[in-house]
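Welcome, and please open the model in your viewer with the sequence panel beside it. We will go from stop to stop, selecting residues and looking at what is there.

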Amino acid sequence: MSKEFEIGPIRPPSEAGSLLLRATRNCPWNKCKFCRLYKQHEFSARTVEEIKADIDQAALYRNNIRNGQMESIYALPEETRERYRYIMQWIASGEDSVFLQDANTMVLSFDKLRSILEYLRETHPWVKRVTTYGRVDSLDKFTVEQLAELKVAGLDRIHSGFESGSDSVLRMINKGHTKAQEIEAGLKVKASGIELSVYFMPGVGGRGLSDGNASETADVINRINPDFVRIRTFVAQKGTQWYDEAQSGEIKECTDIEKMLELKKMIGLINKAEGYLFSDHIINLFEDVNGNMAQDKERMLSVFSAYEKLDDRTRRRYQVARRMGMVGRLADLDELNIEQSEQVDNYLADIGEGEAYEEFLSTLLRRYI
């Protein structure tokens, strides 16, 4: 049995139950100022034959498990057994979705992508959804007609890290594309029938570019009307150029609350989008800022308003409790047990306010990235 079944390092939270099928290794751009995930690794594309071998292996594992042939797992090398267990977990989750890794599968050629998708669908006809990551510049190389053919071949959704809609921010973080390219690529994907899930990072432009980050990002959303907008509140990671520049004073990082206000402003300016906004990551301050961007806009904004009406100490207690993973929404603060409540209060007493407080919050947040 092959040992070449590969799994990359990340996938979107919404793909937690998906089979992770590695088509490329690492990131072909690898220059974003805020990211360190792939910095020590070179990009490479796997061959169609290698990818098809993994597809076959997943099918074989599935069939063995379905047929009750479990005893053979103990005769496999440890590394292969781990892969087998991974397939078992996928089957247990429903085995109806596949995510093509790594950071930018759409960098592959049209013919290669179509071949992979068609083979995957032929060998796994029970799969209901196939998704992948795609950078803006890679998406922009395809015509609407080509993307529509990829949809027919089996690609249902593209996740794309726009991060910001502001050209000033995009240049500052060295994202490698422009606002105009985001709009063009996004409209192509939408026109093809493939679902588009875009990611934005409140605070990634720092304090100086915060207003523009909110307003220009809202403009991009209004122009494209993506199916999904996923929020990833920015946290500067040690070992990145962004973090180093913040330490030297070249960039002023937004406070936790300033990032929240940036997101509030962005949502308030969305008025031509009908997809769904999700706060589906623990680094966001509120889990319940979710909903249809047209129908649920006022309800989402009310979460921010309710928080702003709290007294300063209660707001800080919620921040600390959230960053410690104890709560997800304001109502949860009343559900803390005595031990949790005392722990939060002790931290507040020890940390104080100002930069030390913000650094404490950031330290907690870095655990989740």
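Start with the second largest pocket: helix 9 (241-248), helix 10 and helix 14 (355-366) each supply at least two residues of its lining. Keep in mind as you look that this is a predicted model.

**Stop 1: the second largest pocket**

The space here comes to about 420 Å³. Now show side chains for Lys252, Glu253, Glu355, Glu358 and Glu359, which are the closest to the pocket's centre of the 19 residues that line it. What classes of residue make up the lining of this pocket? Colouring by class will show you nine charged, six nonpolar and four polar residues.

**Stop 2: the largest pocket**

Next, select Ile10, Phe34, Cys35, Leu37 and Tyr133. Of the 41 residues lining the largest pocket, these five lie nearest its centre. The pocket holds about 1100 Å³ of space. By class, the lining of the largest pocket has 22 nonpolar residues, along with eleven polar and eight charged ones.

**Stop 3: the cavities**

How many cavities of 30 Å³ or more does the structure hold? There are three, and we will visit two of them.

For the largest cavity, which has about 80 Å³ of space, select Thr233, Asp256, Lys259, Met260, Leu263, Ser279, Asn284, Leu285, Phe286, Val289, Phe304 and Arg323. Helix 10 (residues 256-269) gives the most to this lining, with four residues. Six residues of the lining are nonpolar, three are polar and three are charged.

Helix 10 and helix 8 (210-224) each supply at least two of the lining residues. The space here is about 40 Å³, and the residues around it are six nonpolar, two polar and two charged.

**Stop 4: helix 1 against helix 3**

Hide the side chains and show helix 1 (residues 48-66) with helix 3 (residues 110-123). Their axes come within 10 Å and cross at roughly 15°. Helix 1 is therefore roughly parallel to helix 3, and the crossing of the two is right-handed. To see where they touch, select Val48, Ile51, Lys52, Ile55, Asp56 and Ala59 in helix 1, which meet Lys112, Ser115, Ile116, Tyr119, Leu120 and Thr123 in helix 3. This contact has seven nonpolar, two polar and three charged residues.

**Stop 5: helix 12 against helix 13**

Finish with helix 12 (residues 312-323) and helix 13 (residues 338-351). Are they parallel or perpendicular to each other? Their axes lie 10 Å apart and the packing angle is about 110°, so helix 12 and helix 13 are roughly perpendicular. On helix 12, pick out Arg313, Arg316, Arg317, Val320 and Ala321; on helix 13, their partners in the contact are Ser341, Val344, Asp345, Tyr347 and Leu348. By class, five residues of this contact are nonpolar, one is polar and four are charged.

Technical notes:
Residues numbered from 1 in each chain as written. Predicted model: local features only at pLDDT ≥ 70, side-chain atom pairs only at ≥ 80, totals over all residues. Heavy atoms only, no water. 1 Å grid on protein atoms, 1.4 Å probe; cavity = no way out; pocket = protein on both sides within 12 Å on 5 of 7 lines; lining within 4 Å. Points joined across faces, edges and corners; volume = space filled by probe spheres on them. Nonpolar A, V, L, I, M, F, W, Y, C, P; charged D, E, K, R; others polar. Axes fitted to C-alpha atoms, helices over the stretch in contact; angles between N-to-C directions. Parallel < 35°, antiparallel > 145°, perpendicular 65-115°, else oblique. Left-handed = near helix turned anticlockwise from the far one by under 90°. Contact = heavy atoms within 4.5 Å.
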